[in-house]
Amino acid sequence: MSLTGLFVSFEGIDGAGKSSHISALADAFAAQGRQVVLTREPGGTPLAEKLRALLLGDAMDPLTEALLAFAGRRDHLVQVIEPALARGEVVLCDRFTDATFAYQGAGRGFDTAQLAQLERLVQTGVAPDPLQLREPDLTVWFDLPAEVAAERLSHARLPDRFEAQPLDFFRRVAQGYADRAAAAPQRFARIDANHPRTLVWQELQAVFEGRGWLPCAPGGDKDGA
Ligand SMILES: Nc1ncnc2c1ncn2[C@@H]1O[C@H](COP(=O)(O)OP(=O)(O)OP(=O)(O)O)[C@@H](O)[C@H]1O
Ligand SMILES: Cc1cn([C@H]2C[C@H](O)[C@@H](COP(=O)(O)O)O2)c(=O)[nH]c1=O
């Protein structure tokens, strides 16, 4: 039986708690016999990882940020995402294009109409139907107030160029995600990330179980974090 590929992205402001759960989800899909590609943006290919290092480390203007993000995305789509989907695999991607709209658009103030043009340019011509705009089948949005994320990150690690931004930047980014979710409610699933890890994992499981993509967990109390 040939399986249909599944493309899921995970979004949220820095520190929202995505990374803690994505690999547990990969395990859950693998336990169902699915091949899983666990990947991320910026990054996901050797070339795009080099662009990631520039994006996270070097000062640049918002247009340069957006161009680097989309250049890496094109390579990622061509080299990794489309081939995996064509093989019927599950692609779990830590951030995708919504991050560019949230960070470069809402956060930096870059024109979102121009971002939409770049999105069309980069995300068409790679899927089997050349006119299809490749988007995730589902985007899981970890929604967390900027203040809570900042508090979590203050205990976590040395901040990169984005994590070092002030609270107001992350308030704008969070609003950017809320706007993207409101514009595409059928693609987005909102998770209330301001909960203990176990509860967040349960919310996440419910999203995938509700779509029939994972079987219902017995008792529904697995701690995936
Ligand atoms: N539900 C939670 N409650 C409290 N702390 C949490 C929770 N989830 C994650 N954390 C902690 O918050 C910090 C950020 O978590 P994590 O790295 O998973 O976030 P992230 O969304 O992947 O961030 P980034 O996108 O910046 O990599 C870590 O120190 C993690 O241990
Ligand atoms: C895809 C993408 C990401 N960013 C920002 C968002 C984060 O601050 C970093 C990535 O770090 P993470 O720890 O891997 O989440 O990059 C962005 O500004 N624009 C983008 O398109």
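Residues are numbered from 1 along each chain as its sequence is written, and chains are lettered from A and ligands numbered from 1 in the order in which they are written. Because the model is predicted, local features need pLDDT of at least 70 and side-chain atom pairs count only at pLDDT 80 or more, whereas totals for chains, interfaces and linings use all residues; side-chain values use heavy atoms, with hydrogens and water left out.

**The annotated span**

Begin by selecting residues 10-201, which an unreviewed UniProt entry annotates as "domain: Thymidylate kinase-like". UniProt positions follow the numbering used here, feature names are shortened, and annotations may be inferred rather than shown by experiment. The span is 54% helix and 12% strand, and its end C-alpha atoms lie 13 Å apart. Helices (H or I, at least four residues) and strands (E, at least two) are DSSP runs, numbered from the N terminus.

**The recorded binding site**

Next, select G12, I13, D14, G15, A16, G17, K18 and S19, where the unreviewed UniProt entry places the feature "binding site". From this set, G12 and I13 belong to the lining of the largest cavity. A cavity is a set of points, on a 1 Å grid over the protein atoms alone, where a 1.4 Å probe fits but cannot get out; a pocket is an open set with protein on both sides within 12 Å along at least five of seven lines, and lining residues have an atom within 4 Å of a point. G12 itself is found in the loop between β1 (6-11) and α1 (19-31).

**Ligand 1**

Now centre on ligand 1, which is surrounded by 15 residues, with G17, K18, S19, S20 and R157 the closest. A residue counts as near if one of its heavy atoms lies within 4 Å. Show the polar contacts (pairs of N or O atoms within 3.5 Å):

- a polar backbone atom of G17 is 2.8 Å from an oxygen atom of ligand 1;
- an N or O atom in the side chain of R152 is 3.3 Å from a nitrogen atom of ligand 1;
- a polar side-chain atom of R197 lies 3.3 Å from an oxygen atom of ligand 1.

The protein covers 77% of the 630 Å² of accessible area that ligand 1 has on its own; such areas come from the Shrake-Rupley method with a 1.4 Å probe. Ligand 1 sits in the largest pocket, a placement that requires more than half of its atoms to lie within 2 Å of the grid points. Colouring the shell by class gives three nonpolar, five polar and seven charged residues. Here Ala, Val, Leu, Ile, Met, Phe, Trp, Tyr, Cys and Pro count as nonpolar, Asp, Glu, Lys and Arg as charged, and the others, Gly among them, as polar.

**Ligand 2**

Move to ligand 2, which also sits in the largest pocket. Of the 14 residues around it, D14, R52, R95, T100 and Q104 come nearest. Oxygen atoms of ligand 2 are 2.9 Å from a side-chain N or O atom of R52, 3.3 Å from a polar side-chain atom of R73 and 2.7 Å from a side-chain N or O atom of R95. Of the 480 Å² of accessible area that ligand 2 has on its own, the protein covers 93%.

The shell has six nonpolar, two polar and six charged residues.

**Two backbone details**

Select R95 again, in the loop between β3 (90-94) and α4; its phi is near 80°, a positive value in a residue other than glycine. Finally, select E41 and P42, which are joined by a cis peptide bond with omega about -10°. P42 is found in the loop between β2 (36-40) and α2. Most residues other than glycine have a negative phi, and most peptide bonds are trans.

Note on methods: Polar contact = N/O pair within 3.5 Å; in protein donor to acceptor, adjacent residues only side chain to side chain.
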